[in-house]
Amino acid sequence: MAEQEIGRPKGAFDHRLKRMRDHGMKPEYRSDESEAHKNRLVDCGWGRLVFGNTFADPHDLVSVLRDERADQRDIAFYVRDPHVVLGSAPQELFLDPSHTYRLDLATYRPARNRRKGFTVRRLGSRRDAEAINVLYTSRNMVPVPLEFFWNRMDQRELTVLVAEEDETGAIVGTAMGVNHDVATGGADKGSSLWCLAVSPQARFPGIGEALVRRLAEQFKGRGVPYMDLSVMHDNEQAISLYEKLGFERVPFFTVKIKNTINEALYAGPSVEQKVNPYATIIINEARRRGIRAEIMDAEGGFFRLSYGGRSVRCRESLTDFTSGVAMSICDDKAVTHRVVKKAGLNVPAQISAGDEQAMTEFLDRFGSVVVKPARGEQGKGIAIGLTAMEEIERAVETARTYSDEVVLEECVKGQDLRLVVIDYKVVAAAIRKPAEIVGNGRTAIRDLIESQSRRRSAATGGESLIPMDDETLRCLAASDYDLDSILPEGEIIQVRKTANLHTGGTIHDVTGETNHALVEAAIRAARAIEIPVTGIDLMVTSHREPEYWFIEANERPGLANHEPQPTAERFVDFLFPLSMPQPVRHVLNRTGL
């Protein structure tokens, strides 16, 4: 055997050596004597992608990372000898806790069937760019200056894709691809995927997969041998997708500069119990300003904020500043109804449940009614659009499991508009849409609901789930379906009537488009209740029109999921005005916004 090995022609093992070099522990130093191939990087708008494998001297790499702009995030990829680089500036740099995955484009096979309901295309307008930044913000990613896309981006180096819903035109996903061959002047022949983001409100499955596939097919068509990506080690959902598509983990490392954007990655996990997203968004903003946050009860979302001699107890957005009287008004929907009606707001007719004759006359008068517990939140126990006494009686019985007192309300139709009021100013407005599913002609409705519920849960930190209860069954029956029905391909049906986030609803920001009369109505309702922080729910024909019906006031509105509006920032401003940055404080005081 030894003689046969010796007798092999020169270069017989070159392919093995190449594989070991490509997949070994240290990226190959890819630079020849040409200065044009050394120390390469590419501006991606959110920061610079630095090709660590083109840097022979680690001190040069450290010097480049030190030039990072304050509002951006640079990434050094394929870093050779990361321990040496970190040792050169241990107080400034950290090893990113991410894994690198590689897709071999030579063996990659495109999907057989194209996903329905949306189209993947290139970035093409300012509206697209603005939507991309909304997606980046929703995923805690660094936004890109809009002028970068038109004036500074080299489309030979960067490819920016968006996923657009066919029906609504909404941008619900984005991804960026980097052509290494062009970006490095030939020093690196591969490609990479960055900034994959899908809207938490996306209605259709497979958007992330479609974006990844589109980039893979584009680079494969150009003869690029592979596409790499970097993903957080604990992002199990994303890793599952990449492995499904054929990505394999490779041992390449990423180094970043320590800054406020990356702080959570190098400061280590909190020693405290994890709180829900509605408390987390406030605590993170407070700590960013140097405000002390003490978790009192993680499970219940209770915490205390302390700054400059002031200490405020909070349960998510409910604080010591909300009086017990205001809270009791919001807690009882019948009382809320009377208080805001007296203040001149438009309210639907309402009666207490119990008297069968009165309920029958109420149904005869309006034709369609809503049954809701007088006390309760998150849409629990509410049934909408009831047109028969048998339905009403069953709904009242269900509602009584949440509250002894139950009300019947005139069913007014329209869109569900949530306005977040902080310090008697509207800081966010959003249309809330009920949970819905999209048929594919093969899958039972039960499985479609479970799949959509998993996506909503993943997008909201476990806060949004679609229950399969009597209300869901009633909604399906109204469309002549049940849980075992096969929904035709492309057909969209609502599986809930309520638009609450906690029952699978989605939130769509309309702050800059909301009619001023609706804003005034929300502020007037908050002042009538004398509650400084509240979520006012109106039923509107359109958020651009002045007509509305007041539905209810929430004493503990969720401040998460209202991107890009700065709900948490305005909440902390209200609690601790002296913690506001001076320019912001000046503008708020001057404009009264």
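Helix α14 (residues 356–366) lies across β17, β18, β19 and β20 and runs at about 20° to β20, where helices (H or I, at least four residues) and strands (E, at least two) are DSSP runs numbered from the N terminus, and where angles, from 0 to 180 degrees, are taken between the N-to-C directions of axes fitted as lines to C-alpha atoms, for helices over the stretch in contact. The model is a predicted one, in which local features need pLDDT of at least 70 and side-chain atom pairs count only at pLDDT 80 or more, while totals for chains, interfaces and linings use all residues. Residues are numbered from 1 along each chain as its sequence is written, and side-chain values use heavy atoms, with hydrogens and water left out.

The four strands form an open sheet in the order β17-β20-β18-β19, with antiparallel pairing; two strands are taken to pair if DSSP finds at least two bridges between them. The edge strands, each pairing on one side only, are β17 (350–352) and β19 (383–386), and the twist from one strand to the next averages 25°. Within this sheet, β18 (residues 369–373) and β20 (residues 406–410) are joined in the antiparallel sense over five bridges, with Pro-373 standing opposite Val-406 in β20. Helix α13 (residues 333–342) also packs on the sheet, where it touches β17, β18 and β20 (contact means heavy atoms within 4.5 Å), and its direction makes about 145° with that of β17.

Elsewhere, Asp-74 is found in the loop between α3 (58–66) and β3 (75–77). Asp-74 is buried, with a relative accessible area of 1%, on a scale where buried means under 20%, exposed over 50% and partly exposed in between (1.4 Å probe, protein chains only). Not counting residues up to four places away in sequence, Asp-74 touches Gly-47, Arg-48, Leu-65, Glu-68 and Lys-256.

In soluble globular proteins, nonpolar side chains tend to be buried together. Leaving aside neighbours within four places in sequence, Leu-49 is in contact with Leu-41, Val-42, Cys-44, Ile-75, Phe-77, Val-178, Ser-192 and Trp-194.
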